[in-house]
Amino acid sequence: MPPPADIVKVAIEWPGAFPRLMEIDQVRWRSPDWSLGNHENYALQNADSTNFYITEKAQTSQQLHERIQSSSMDAKLEALKDLANASRDITFAQEFINLDGISLLTQMVESGTDFGDLLSFTLTAFVELMDHGIVSWDTFSVPFIKKIASYVNKSAMDTAVLQRSLAILESMVLNSQDLYQKVAQEITIGQLIPHLQGTEQDIQTYTIAVINALFLKAPEEKRQEMAHILAQKQLRNIILTNVIRSTKPINEEMAHQLYVHQVLTFNLLEDRMMTKMDPQDQAQRDIIFELRRIAFDVECEPNNSGSIEKRKSMYTRDYKKLGFINHVNPAIDFTQIPPGMLALDNMLYFAKHHQDAYVRIVLENSSREDKHECPFGRSSIELTKMLCEILKVGELPSENCRDFHPMFFTHDRAFEEFFCICIQLLNKTWKEMRATSEDFNKVMQVVREQIMRALTAKPNSLDQFKSRLQNLSYTEILKIRQSERMNQEDFQSRPILELREKIQPEIMELIKQQRLNRLCEGTCFRKISCRRRQDKFWYCRLSPNHKVLHYGDLEEHPQGEVPHDSLQDKLPVADIKAVVTGKDCPHMKEKGALKQNKEVLELAFSVLYDSDEYLNFIAPDKHEYCMWTDGLNALLGKEMTSDFTKTDLDTLLSMEMKLRLLDLENIQIPEAPPPIPKEPSNYDFVYDCN
């Protein structure tokens with residue numbers, strides 16, 4: 001007869017006593033007779049992971065609270081090590097915080113008596129406890145902030161202490177505007193720069209994270225001032241030399257911080273992008289006069305030279321050659337937002353810094369027939385708008401994105417140089433397409449595709465980007481499109497459609513099995529709070545029999561799969577009530593930075609079970625999001641609706657159809673792929689292109 005469902009066998013060990021194998025009633029259980037007394041002060045702890053407790057109260061918190069105040073340095077160090085380790089568990093953290101443990105740690109830091117490992121483990125415990133979000137950051141005093149800042153400002157500081165101090169400062173800045181003000185008074189960019197010039201990538205990462213946090217929280221009127229300071233300190237060049245071009249590979253967190261810095265830098269353009277030109281503002285009108293002067297090598301005529309009508313006619317003629325929509329008053333062209341005044345800024349930069357190319361484009365198009373001229377003014381305005389869309393100027397950085405472009409760190413005026421390359425590309429593509437004014441939107445679509453394809457290669461410099469564009473001519477784009485169209489070709493004859501319909505359930509079952517296999521392999525998810533991006537991970541995977549979800553916290557990103565038995569928690573699939581995504585997720589309804597972030601919202605999903613319990617996920621990328629939401633829906637017997645399912649279905653159906661049609665033609669398809677050709681022994685040859 002099988003044992004009752006509530007009875008489980010567990011080995012329990014008490015320090016100094018023999019382990020006992022016991023049958024435990026999960027509903028009613030009493031501890032073995034170890035004469036513990038006050039049993040509510042004790043907890044069961046997983047033996048294979050010292051961080052997780054099962055009951056809600058533990059005497060460990062009281063003991064550690066007393067031990068870290070020991071007069072013996074050795075005993076105190078061991079206690080702080082244990083505290084740093086135990087603080088990762090939220091149950092322990094709650095108990096320790098209830099004992100006013102955070103205040104005790106801050107007093108220890110403020111006293112300034114601990115150094116080296118003692119200080120390192122104290123700060124580690126503090127960071128771990130604060131990461132649970134139980135205590136508000138606003139409760140900390142100025143002396144504590146000053147002490148943490150002093151560790152960052154010192155030229156020679158223990159690496160672990162420096163890393164924890166930077167992490168604390170980042171959290172303070174991101175969590176509170178008041179704390180931002182206090183931290184900004186204690187540290188300067190000049191004091192942070194030396195940490196970027198070292199060789200420790202973790203320190204470099206946290207340093208850039210603090211700079212990003214200060215940048216993000218700075219009032220709008222101070223951001224331009226801060227950007228000017230960063231330029232004076234040559235931050236961009238320091239990052240390029242010591243991080244991007246370092247011999248060490250860039251890890252995920254560093255890539256994320258570089259991406260955030262890139263976004264924040266481009267967001268400085270938002271003000272100009274959303275500023276309309278005032279047609280009555282003489283200073284702004286002078287910029288247009290300067291564009292005319294550079295293009296046609298003319299000086300502005302004095303008011304008394306010639307008749308007003310003659311001067312108006314001359315200006316109108318030149319503004320038409322410059323490609324403005326409004327020939328009489330081109331200032332009207334810049335009242336559209338976006339791109340507003342940013343387009344005019346780009347045009348002036350191009351005219352002054354790439355004068356030969358600017359003059360060539362303007363004169364070349366002004367001498368063409370009207371129907372084939374590429375309007376420089378209109379093109380510049382639309383191109384600026386397009387580049388802002390591509391780089392998402394004005395949008396908040398995504399919590400998960402690592403999409404930084406090294407080439408944007410190679411120039412102080414990266415956006416303007418980017419524009420200069422792309423406006424020349426636009427003019428070249430216009431000629432290749434033999435376009436007329438009616439083809440303007442078609443040309444812009446091709447140019448966008450050229451830019452996006454070139455950016456995908458992640459060029460290391462603007463010159464590499466330019467070279468990549470040279471290889472993406474209009475002819476090449478047509479070839480790529482044709483190739484993609486052939487690969488996605490869909491046969492529309494009735495017999496083919498009937499065959500597709502017949503084999504579709506078989507293909508859907510294949511996709512379902514692939515999704516479930518992906519869940520069985522498991523995925524590492526990053527823990528993300530509304531306060532700061534955390535270097536913490538948890539893993540979730542489906543059991544091979546598809547009946548249980550195993551999950552648990554990890555100390556670092558795993559290399560390969562994590563075994564089931566090392567994951568502490570389980571969720572039976574039978575208990576799952578629903579899978580929700582996006583704004584319907586419980587963790588997306590909470591207030592905080594995550595709620596405002598569109599990219600995070602698109603990667604969020606939750607598994608609801610019992611009455612009000614839920615398991616919250618934020619996928620590392622769109623692919624994993626689709627794999628998991630499809631797989632969970634398949635487990636629950638629901639339809640898989642992700643974009644990836646549609647794409648996979650189309651691809652597999654197309655492939656299966658082509659294979660069956662080849663089989664009908666009696667064309668033998670080999671079981672194994674053909675061998676790779678051998679490397680030639682003699683490289684001394686020339687291919688005659690003629």
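Tutor: Start with E290. In this predicted model, E290 is partly exposed, with a relative accessible area of 22%. Its partner is R293, and the two form a salt bridge. The closest N and O atoms are 2.8 Å apart. R293 is also partly exposed, at 25% relative accessibility. Both residues sit in helix α15, which covers residues 282-296. They are 3 residues apart, about one turn of the helix.

Why do such pairs form? Side chains of opposite charge can pair when their charged atoms come close.

Now look at helix α8, residues 177-186. Here D178 forms a salt bridge with K182. D178 is partly exposed, with a relative accessible area of 43%. K182 is partly exposed too, with 25%.

The next pair reaches across the sequence. D412 and R236 meet through their side chains in a salt bridge, 2.7 Å from N to O. D412 lies in the loop between α19 (376-390) and α20 (414-432), while R236 belongs to helix α12 (residues 235-244), so the pair ties together parts that are 176 residues apart in sequence. D412 counts as exposed, at 60% relative accessibility. That follows because exposed means over 50%. R236 is partly exposed, with a relative accessible area of 21%.

How many salt bridges are there by this rule? The count comes to 26.

Some charged residues form a patch instead. E220, E221, E270 and D271 gather on the surface as a patch of negative charge. Two helices, α11 (220-232) and α14 (270-273), each supply at least two residues of this patch. Take E221 as one of them. E221 is found in helix α11. Is E221 buried or exposed? At 62% relative accessibility, E221 counts as exposed. Patch residues have no salt bridge, because the definition of a patch leaves out residues that have one.

Finish with a strand. Strand β5, residues 548-554, is mostly covered: 5 of its 7 residues are buried. Strand β6 (residues 569-572) runs antiparallel to β5, and 4 bridges join the two. One place to look is H550, whose bridge partner in β6 is K570.

Technical notes. Residues numbered from 1 in each chain as written. Predicted model: local features only at pLDDT ≥ 70, side-chain atom pairs only at ≥ 80, totals over all residues. Heavy atoms only, no water. Buried < 20%, exposed > 50% of the residue type's maximum accessible area, 1.4 Å probe, protein only. Pairing = 2+ DSSP bridges. Patch = residues over 30% accessible without salt bridge, like charges linked within 9 Å, V, L, I, M, F, W, Y side chains within 5 Å. Areas by Shrake-Rupley, 256 points an atom, 1.4 Å probe, with all protein chains shown as cover. Salt bridge = Lys/Arg side-chain N within 4 Å of Asp/Glu carboxyl O. Lys, Arg positive; Asp, Glu negative; His and termini not counted. Charge placed at Lys NZ, Arg CZ, Asp CG, Glu CD.
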